[in-house]
Amino acid sequence: MTANGRQAAAERLGAAGAVAPLPDHVDVDVAIVGAGFAGVGMAIALLRAGRRDFVVLERDDDVGGTWWRNTYPGCQCDVPSNLYSFSFAPNPEWSQTFALQPEIGAYLRRVADDFGVRPHLRTRTEVRAAAWDEQARRWRIETSRGPLTARVLVVGTGSLSEPAIPRIPGAERFAGPAFHTARWDRDVGLTGKRVAVIGTGASAVQVVPRIQPHVAQLAVFQRTPPWILPHPGRPTRPRERALFRALPPAQKLVRGGVYWGRECLVLPFRFHRLSRIPQRMARRHLEAQVPDPVLRERLTPRYEIGCKRILMSDEYYPALQAPNAELVSDAIAEITTAGVRTADGVERAFDAIVWGTGFHTTDLPYAERIRGRDGRTLAQRWCAHGMQALRGTTVAGFPNLFALVGPNTLLGHNSIVFMIESQLAYVLDALRALDERGATACDPRPAAQASFNERLQRRMRGTVWARGGCASWYLDADGRNTTLWPGTSWSFRRATRRFDPAEYELLARAGAH
Ligand SMILES: Cc1cc2nc3c(=O)[nH]c(=O)nc-3n(C[C@H](O)[C@H](O)[C@H](O)COP(=O)(O)OP(=O)(O)OC[C@H]3O[C@@H](n4cnc5c(N)ncnc54)[C@H](O)[C@@H]3O)c2cc1C
């Protein structure tokens, strides 16, 4: 099919009704999976580079990803919105310095509209499998609405998008409603109910203060207490918004200041002595908010700050001390039809259970679904040494596969959107380099990928994630940190600034020699 024909097919694909099957023989240059910050950002980057032959395949009903799925009360970003947004699409209208989910979701939908992503978007389309066809030099993609082929596969399926629920005996027996924070069930009213929140991570700490005033009884089940800092968020002032509207460089300046301020926060993760500063701040916050020494003791983490994600809240500790709330730190032995039984033999009855237990981060479902040159899946490729990629983006044996927010690209201190934008530039540079060389695909050289990861894991050694004394979702089953970037986000930008063809085997078009 010609480029024009393919583009027409891509547009037909995007414009088709929500549940119609795909038109026959859909072939696109680029297939993007996922329509969160990563997928939408990739689509915009392609459009801005004049590349229109692509589709965005999204299993949900609309764009947003994290900010479409997480509708629990209190859901909010923990990086200032001025920075947690695209650099090319500033929003002077944020109503809070740390926006809530509905506003971030609306921002992403607006950006998708403004930049013309919609005609390329195929919602309610789940990618079930993708296999590299070495002869055709294309990806064969199976979706819930039929097959398609693409030269390039960009995976933007998110690393905090598959809810994880721990295997607790009896979990399926519970008679009442039970749901994960990322799959909030709006049909279940919690007002006046006895509610268990299991887990004390970022989502739980946001949702607990929002539901506590309304429920009859609240029990928060804690395995490990988090370090919590005071929340610096506030509503934005009309004057600020007017200034940003009238003078966009002013907002850019503020964004730059916020960015470099956040960059400094990586220092305590790398240098133990510096971690005493935020740890002291968190301890003071706990002391100021929790006068009862016994409860305070139970809420005091036994690991170094930063080892797990640092949380921010002024409302979590007060909510736990409300007359209708209880912190339960005994291990859960089983879930019963009526509630939760802890290891000390006590059974508490509940009307609803909320799982605030995080996500699958090191065993990502897409790894099971993608097959490379030798027919093996990414999961099989990664089972020996954990998730690995070259520059967090490409994987040896998987030509023209680009993983956005791929292995070792998350941050504990700064905005993921910055990392995503670094990767977008890298992907575009790769496509440009292929065009210039008359090649159709690139496959990272195993030696380049191995030496990149050796260097990366060496840098990881002295960090708080290795030395901090905690088990966290950053680590895989073998204790390897395959999720976080070990340095500044700026160093990642430098690492992805240019696509180096020497690190790749370049493949000619099918049939060409
Ligand atoms: C509650 C919460 C708060 C957060 N706050 C912050 C923050 O303040 N700062 C920060 O930097 N990060 C934050 N994060 C991390 C956040 O996930 C990233 O910042 C960012 O949203 C990731 O964007 P993404 O596009 O990579 O993934 P996602 O937003 O997860 O989007 C992935 C998309 O892929 C789709 N998808 C997945 N599999 C398939 C498939 N097989 N077929 C088709 N579509 C598929 C999903 O439906 C989803 O729409 C937060 C995460 C959560 C859960």
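User: Hi! Which of the 34 residues around the ligand come nearest?

Analyst: Hello! This is a predicted model, and in it Ala38, Glu58, Thr66, Asp78 and Tyr84 come nearest to the ligand, out of 34 residues around it.

User: How far is the backbone of Thr66 from an oxygen atom of the ligand?

Analyst: A backbone N or O atom of Thr66 sits 2.7 Å from a ligand oxygen. Asp78 also uses its backbone: one of its polar backbone atoms is 2.6 Å from an oxygen atom of the ligand.

User: And what does Arg369 do there?

Analyst: Arg369 uses its side chain, with a polar atom 3.3 Å from a nitrogen atom of the ligand.

User: How much of the ligand's accessible area does the protein cover?

Analyst: On its own the ligand has 990 Å² of accessible area, and the protein covers 95% of that.

User: Which elements give two or more residues to the shell?

Analyst: Those are helix 2 (37–48) and helix 3 (66–69). By class, the shell around the ligand holds 16 nonpolar, 12 polar and 6 charged residues.

User: Switching topic, how many salt bridges are there?

Analyst: The count comes to 32. One of them pairs Arg118 with Asp113, where the closest N and O atoms are 2.6 Å apart.

User: Is Asp133 buried or exposed, and which residue is its salt-bridge partner?

Analyst: Asp133 counts as buried because its relative accessible area is 18%, under the 20% limit. Its partner is Arg140, with the closest N and O atoms 2.7 Å apart. Arg140 is partly exposed, at 44%.

User: What about Arg237, which residue does it bridge to?

Analyst: Arg237 forms a salt bridge with Glu240, and their closest N and O atoms are 3.8 Å apart. Arg237 is partly exposed at 41% relative accessibility, while Glu240 is buried at 19%.

User: Which residues do shared partners join into one network?

Analyst: Salt bridges with shared partners link Glu134, Arg137, Arg373, Asp443 and Glu505 into one network.

User: Last topic: which residues make the nonpolar surface patch of about 440 Å²?

Analyst: That patch is made by Leu267, Phe271, Leu274, Ile277 and Met281.

Methods:
Residues numbered from 1 in each chain as written. Predicted model: local features only at pLDDT ≥ 70, side-chain atom pairs only at ≥ 80, totals over all residues. Heavy atoms only, no water. Patch = residues over 30% accessible without salt bridge, like charges linked within 9 Å, V, L, I, M, F, W, Y side chains within 5 Å. Areas by Shrake-Rupley, 256 points an atom, 1.4 Å probe, with all protein chains shown as cover. Salt bridge = Lys/Arg side-chain N within 4 Å of Asp/Glu carboxyl O. Near = heavy atom within 4 Å. Polar contact = N/O pair within 3.5 Å; in protein donor to acceptor, adjacent residues only side chain to side chain. Helix = DSSP H or I, 4+ residues; strand = E, 2+ residues; numbered from the N terminus. Nonpolar A, V, L, I, M, F, W, Y, C, P; charged D, E, K, R; others polar. Buried < 20%, exposed > 50% of the residue type's maximum accessible area, 1.4 Å probe, protein only.
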